[in-house]
Amino acid sequence: MSVESALARIEKKASQRVAALALEYHGDLRETLSAPGQGRQYGKHRASAPGDPPAVQSGTLRNSIQAVQLDPLTWAVGVAGKIKHPASGEEVGKIATYLEFGSRRVAARPFVRPTLDAFKKRHKGRP
């Protein structure tokens, strides 16, 4: 086996592993955004409590989570920011930022950082 073919096999295996991890994290984010709220009830909708991930209202935020391969060893996983929310017309990326970090009026409903922390803890020490 030549060095070139060995390197190609290693890169292919690494690319497959990175893809699997990116898609797993994508699924974790979508799962986090599928949990029911534990906060106040507003008609038929139960909101999230401060500090908890946002509760599903329309599913737009959850459906905006994307995993995109940038090159064989690089993926971007997160909110597709240019998608517009159907009710408000605001970019979902801006809404996600307000939810993740909070604002003057609304306490944070983080979902990216806790999901990433759990993902990293689950994979700590794994090859």
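**Salt bridges, pair by pair**

Modeller: Happy to. Let me begin with Glu100, which counts as buried because its relative accessibility is 4%, under the 20% that sets the limit for buried residues. Please keep in mind that this is a predicted model. Glu100 forms a salt bridge with Arg113, and their closest N and O atoms are 2.7 Å apart. This pair links distant parts of the chain, since Glu100 belongs to helix α3 and Arg113 to helix α4, 13 residues apart. Arg113 is partly exposed, with a relative accessible area of 40%. In general, side chains of opposite charge can pair when their charged atoms come close.

The structure holds 4 salt bridges in total. Another of them joins the side chains of Asp28 and Arg122, at 2.4 Å from N to O. Asp28 lies in helix α1 and Arg122 in helix α4 (residues 112–123), so this contact ties together parts that are 94 residues apart in sequence. Asp28 counts as buried, at 16% relative accessibility, while Arg122 is partly exposed, with a relative accessible area of 36%. Glu24 comes into the picture here too: Glu24, Asp28 and Arg122 are linked in a network of salt bridges.

Then there is the pair Glu91 and Lys82, whose side chains meet in a salt bridge at 3.9 Å from N to O. Glu91 is partly exposed, with a relative accessible area of 21%. Lys82 counts as exposed, because its relative accessibility is 67% and the limit for exposed residues is over 50%.

The pocket holds about 610 Å³ of space and is lined by 21 residues, with Pro54, Ala55, Gln57, Ile95 and Leu99 nearest its centre. By class, the lining has 11 nonpolar, 8 polar and 2 charged residues.

Helix α1 (residues 3–32) contains Val3 as well as Asp28. Val3 is exposed, with a relative accessible area of 58%. Together with Leu7 and Ile10, Val3 forms a nonpolar patch on the surface, with about 320 Å² of accessible area in all.

Technical notes:
Residues are numbered from 1 along each chain as its sequence is written. This is a predicted model: local features need pLDDT of at least 70, side-chain atom pairs count only at pLDDT 80 or more; totals for chains, interfaces and linings use all residues. Side-chain values use heavy atoms; hydrogens and water are left out. On a 1 Å grid over the protein atoms alone, a cavity is a set of points where a 1.4 Å probe fits but cannot get out, and a pocket is an open set with protein on both sides within 12 Å along at least five of seven lines; lining residues have an atom within 4 Å of a point. Grid points are joined across faces, edges and corners, and a volume is the space filled by probe spheres set on the points. Ala, Val, Leu, Ile, Met, Phe, Trp, Tyr, Cys and Pro count as nonpolar, Asp, Glu, Lys and Arg as charged, and the others, Gly among them, as polar. Patches are made of residues with over 30% relative accessible area and no salt bridge: like charges are joined within 9 Å, nonpolar side chains (Val, Leu, Ile, Met, Phe, Trp, Tyr) within 5 Å. Accessible areas come from the Shrake-Rupley method with a 1.4 Å probe; for residues, only the protein chains shown count as cover. Helices (H or I, at least four residues) and strands (E, at least two) are DSSP runs, numbered from the N terminus. Buried means under 20% relative accessible area, exposed over 50%, partly exposed in between (1.4 Å probe, protein chains only).
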